[in-house]
Amino acid sequence: MTTPDRDLDGGLDRDLDRGLDRGLDRGLFITVEGIDGCGKTTQARRLCAWLEDTLGSGRALRTFEPGGWGGGALLRRLLLDGTVLTSRTELLLFLADRSGHLDAEVLPALNRGQWVVCERYTDSTLAYQSWGRGIALEEIEGLSNWCRFPAPDVTVLLDVDEKTARSRLGARGKLDRMESGFETDFMARVALGYRELARRYPGRIVVVDGAADEDRVAAQVTERVTERVRQRRRLEGERT
Ligand SMILES: Nc1ncnc2c1ncn2[C@@H]1O[C@H](COP(=O)(O)OP(=O)(O)O)[C@@H](O)[C@H]1O
Ligand SMILES: [Mg+2]
């Protein structure tokens with residue numbers, strides 16, 4: 001068994017803005033973030049379809065956390081529907097899931113040259129477990145560094161207020177364990193956390209108004225991702 005390379009760009013470190021540093025020979029690692037019901041699944045699907053149309057069939061992989069890998073179904077069930085005793089246990093389970101997902105899905109795809117569109121990643125952990133649950137940001141970043149999680153190249157944050165997101169989920173019926181955070185001020189804190197992360201990492205996170213209609217959001221997402229790719233090409237051009 002080969003060990004997938006976790007040193008794509010040196011882990012999270014202090015500066016999550018380093019995501020644009022990787023070579024052009026591989027596809028980009030794009031993450032889609034935001035609170036429950038903001039439209040991640042909808043937009044990740046559309047972005048992936050657009051990438052495949054633009055770059056060719058088989059060039060993009062759509063995946064998700066938690067649970068988007070062979071061993072992940074059990075962890076997803078536990079995290080979304082099970083009983084998780086403490087915030088620290090929850091954090092460790094999410095990190096374990098990410099670690100397995102990177103090894104099994106994300107890194108092999110990037111190493112094959114594919115683009116990866118991943119629904120939820122490190123910003124989810126920072127927003128939900130730090131702003132939401134109150135675990136110190138530095139502790140989560142320290143553990144993420146230890147895990148050598150690579151920074152995404154581009155993160156699309158779908159910004160939607162909690163009321164809009166909650167009303168979209170209404171149609172789904174029962175809320176899962178994380179979604180029940182709408183019933184307290186948990187989800188509002190998470191939304192705040194996401195906005196703060198976007199302020200901290202403007203070079204990596206693009207904020208898109210997720211409250212607009214689906215087509216408009218999709219157009220914004222492709223426009224902003226394209227902008228980032230062009231920006232990266234310019235940077236690479238200057239360096240060579
Ligand atoms: N821009 C939009 N406007 C209105 N409803 C939307 C929009 N995007 C998604 N939805 C709907 O909102 C619900 C949640 O969307 P989803 O993509 O599953 O969000 P998430 O994956 O972030 O939880 C779905 O029923 C979806 O059809
Ligand atoms: Mg979803």
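What order do the strands of the open sheet have, and is their pairing parallel or antiparallel?

Guide: The model is predicted, so local features are given only at pLDDT of at least 70 and side-chain atom pairs count only at pLDDT 80 or more, whereas totals for chains, interfaces and linings use all residues. Residues are numbered from 1 along each chain as its sequence is written, and chains are lettered from A and ligands numbered from 1 in the order in which they are written.

The open sheet has 5 strands in the order 2-3-1-4-5, and their pairing is parallel. Strands here are DSSP runs of E with at least two residues, helices are runs of H or I with at least four, and both are numbered from the N terminus. Two strands pair if DSSP finds at least two bridges between them. Strand 2 (60–64) and strand 5 (205–209) form the edges, each pairing on one side only. From one strand to the next, the twist averages 20 degrees. Within the sheet, strand 1 (residues 29–33) pairs with strand 3 (residues 115–119) in the parallel sense over 4 bridges; Phe-29 has Val-116 of strand 3 as its bridge partner.

Helix 3 (residues 87–111) lies across strand 1, strand 2 and strand 3, and runs at about 160 degrees to strand 3. Such angles run from 0 to 180 degrees between N-to-C directions, with axes fitted to C-alpha atoms, for helices over the stretch in contact.

Most residues other than glycine have a negative phi, and most peptide bonds are trans. Pro-66, in the loop between strand 2 and helix 2 (72–81), is joined to Glu-65 by a cis peptide bond with omega of about -10 degrees. Arg-120, in the loop between strand 3 and helix 4, is not a glycine, yet has a positive phi of about 75 degrees.

The axes of helix 4 (residues 122–132) and helix 7 (residues 186–200) come within 8 Å and cross at roughly 130 degrees. The two helices are therefore oblique to each other; angles under 35 degrees count as roughly parallel, over 145 as roughly antiparallel, 65 to 115 as roughly perpendicular and the rest as oblique. This crossing of helix 4 and helix 7 is right-handed, a term used when the near helix is turned clockwise from the far one by less than a right angle. Among the residues making the contact are Leu-126 and Trp-131 of helix 4 and Phe-186 and Leu-197 of helix 7, contact being C-beta atoms, placed from the backbone, within 7 Å. By class, this contact has 9 nonpolar, 3 polar and 2 charged residues. Ala, Val, Leu, Ile, Met, Phe, Trp, Tyr, Cys and Pro count as nonpolar, Asp, Glu, Lys and Arg as charged, and the others, Gly among them, as polar.

With helix 5 (residues 137–146), the axis of helix 4 comes within 10 Å and crosses at roughly 150 degrees, which makes helix 4 roughly antiparallel to helix 5. This crossing too is right-handed. Thr-122, Thr-125, Leu-126, Gln-129 and Ser-130 in helix 4 meet Leu-137, Ile-140 and Ser-144 in helix 5. The residues of this contact divide into 3 nonpolar, 5 polar and no charged.

Key:
Contact = placed C-beta atoms within 7 Å.
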